[in-house]
Amino acid sequence: MTVEVATEGDVIEVVKYANEQQIPFLAVNNAHGAITTVGRVKNGIMIWMRQLDSVQVGEDGHTATFGGGILDKAVTDALWAVGKQTVTGGCECVSVIGPGLGGGHGLLQARHGLVSDQFVSLNMVMADGTLEIIDHTHELWWALRGAGHNFGIVTSITSRIYDTKYPTWAFQNFTFTGDKVEALYSNINEHLLRNGTQPTDLFHYSFFSKNAAIDADSPAIFFYILQEGVDAVREAVVAPFLALEPFATFKGSGDYPELPGWIGWANAAATCQNSGLANTRFPIELQKYNVIAQRRVHDLLRSTMNEVPALNRSIILFEGYSQQGVKAIPSQDSAYPFRGSNLLVSPVVRFNENGEELTRKAKTLGEALRDILHEGEDNRHNIKRTYVNYAFGTESVEEIYGNEFWRQEKLLALKKKYDPDGKFSFYAPIS
Ligand SMILES: Cc1cc2nc3c(=O)[nH]c(=O)nc-3n(C[C@H](O)[C@H](O)[C@H](O)COP(=O)(O)OP(=O)(O)OC[C@H]3O[C@@H](n4cnc5c(N)ncnc54)[C@H](O)[C@@H]3O)c2cc1C
């Protein structure tokens, strides 16, 4: 059953009703959460949050309050109209709270930190249907910023907002054929990533994807550089990549709200459509690109696509956000465990679900790609650091929430206290 709630009171009523009837429930905004654990909701109630999409800019001009079902574009546009910004995910059709409860990466994180670092307070319906207002004085404050899906349903958030200092952004994209893997990623390491010190005004992003018009046999590489506050990405930034003789390159500029349209993250783009495909991600956080591993994952993607054409819409995403704003906040201050990472890498295995055999092959491919990337880490972490919002669902609790003993202990104690019956144990459960 789906209940489309319109008010905070509706959410409370549904949770109380579901508890009385002993029915499981799950809050949903735009249904991008793809982790397999949500499949454990059987005969439950989907609490559809989309009507909770209000925006109210605070009188102080430093905060705004958003409905718990609001999507990124609504926030960006409403704030833009009054000369303000905040950190949201990059994709227009994703919600603010879905990513935010697990950290939340976005283009402005280099300046201000993660989506969750902007939270000032959250109104949250708890497991027993009571409402709590959670701010920095509350025991759950730490946990909601990184492991938040485990504790309640957020009906509204008050977040920090900022004056728009740099309204203009520029982009340059490059298409490379697969033979440029080593040269491209070694250039990115040297000229952009620079041991985790990529300048705050830059974002780089690339993905491997098969495109018959470029190469029928081997995935091409689509690579983007975005720069804040300029009309064209600076020559010194693009020069090393132009020197690699891309198959094609294209550039442009405009205002910040146009940015998702340049990189395929706008509402009208394929990313935001329901293609009917399974999109299974196998994420891993890295410090830098290992060009040998990059070649190995490219090779494996290529050979698998040729052997199993049903998987040939799969891609591998490489997201290179600048990290200064994220790293400025002490790691122990929130449940988000991976502030030291520089790169978010995700094999995305895409296919039309068509029986167990194909699903098994898809999973095998995703795991194998992730294993190669893990083996290629310089000082290999003993866990595959997994961004909760991209997790496949078979990762360990340590891989998702960090393997420090104190983190695990703290999360478990809070879970036991605030959700002892596991009402919120469908999305990346702690227990
Ligand atoms: C196209 C695309 C683009 C993406 N872009 C980014 C990005 O730029 N940055 C980033 O960090 N991640 C990004 N992600 C990953 C994203 O963080 C996760 O997919 C996230 O789960 C999406 O949240 P949603 O609310 O849109 O999806 P939903 O499936 O609606 O929600 C996901 C889960 O969040 C919980 N939830 C939802 N609403 C509430 C609520 N109000 N209160 C409490 N819990 C709630 C539920 O457990 C639910 O299962 C992207 C994913 C996709 C598919």
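These are my notebook entries on a predicted model.

**Ground rules**

I count residues from 1 along each chain as its sequence is written. In this predicted model, local features need pLDDT of at least 70 and side-chain atom pairs count only at pLDDT 80 or more, while totals for chains, interfaces and linings use all residues; side-chain values use heavy atoms, with hydrogens and water left out.

**Entry 1: the annotated span**

I looked up the UniProt record. The unreviewed entry puts "domain: FAD-binding PCMH-type" at residues 1–164. UniProt positions are in the numbering used here, feature names are shortened, and annotations may be inferred rather than shown by experiment. I then checked the span itself. Residues 1–164 are 24% helix and 26% strand. The end C-alpha atoms of this span are 42 Å apart. Helices (H or I, at least four residues) and strands (E, at least two) are DSSP runs, numbered from the N terminus.

**Entry 2: helix H6**

Which residues of H6 are buried? I use buried for under 20% relative accessible area, exposed for over 50%, and partly exposed for in between (1.4 Å probe, protein chains only). H6 covers residues 181–193. Its buried residues are Val-181, Leu-184, Tyr-185, Asn-187, Ile-188, Asn-189, Leu-192 and Leu-193. Just after H6 comes Arg-194, with a positive phi of about 40°.

**Entry 3: salt bridges**

How many salt bridges does the structure hold? I found 19. A salt bridge here is a side-chain nitrogen of Lys or Arg within 4 Å of a carboxyl oxygen of Asp or Glu.

I took Arg-296 and Glu-375 to begin with. Their closest N and O atoms are 3.4 Å apart. Arg-296 sits in helix H9 (residues 291–307) and Glu-375 in helix H11 (residues 356–375), so this pair ties together parts 79 residues apart in sequence. Arg-296 is partly exposed, at 40% relative accessible area. Glu-375 is partly exposed too, at 43%.

Next I looked inside H11. Arg-360 and Glu-357 form a salt bridge there, 3.1 Å from N to O. They are 3 residues apart in H11, about one turn of the helix. Arg-360 is partly exposed at 47%, and Glu-357 is partly exposed at 45%.

Then I turned to Glu-404 and Arg-407. Their closest N and O atoms lie 3.3 Å apart.

**Entry 4: cavities**

I searched for cavities. On a 1 Å grid over the protein atoms alone, a cavity is a set of points where a 1.4 Å probe fits but cannot get out, and lining residues have an atom within 4 Å of a point. Grid points are joined across faces, edges and corners, and a volume is the space filled by probe spheres set on the points. The structure holds 3 cavities of 30 Å³ or more.

The largest cavity has a volume of about 110 Å³. It is lined by 13 residues, and the closest to its centre are Thr-76, Gly-89, Gly-90, Tyr-256 and Pro-260. Helix H2 (72–80) and helix H8 (259–262) each supply at least two lining residues. H2 gives the largest share, 4 residues.

Where does the largest cavity lie? Domain 1 (2–163) and domain 2 (168–390) both contribute to its lining, so it lies between them. These domain bounds come from an automatic or database domain assignment.

Technical notes. 1 Å grid on protein atoms, 1.4 Å probe; cavity = no way out; pocket = protein on both sides within 12 Å on 5 of 7 lines; lining within 4 Å.
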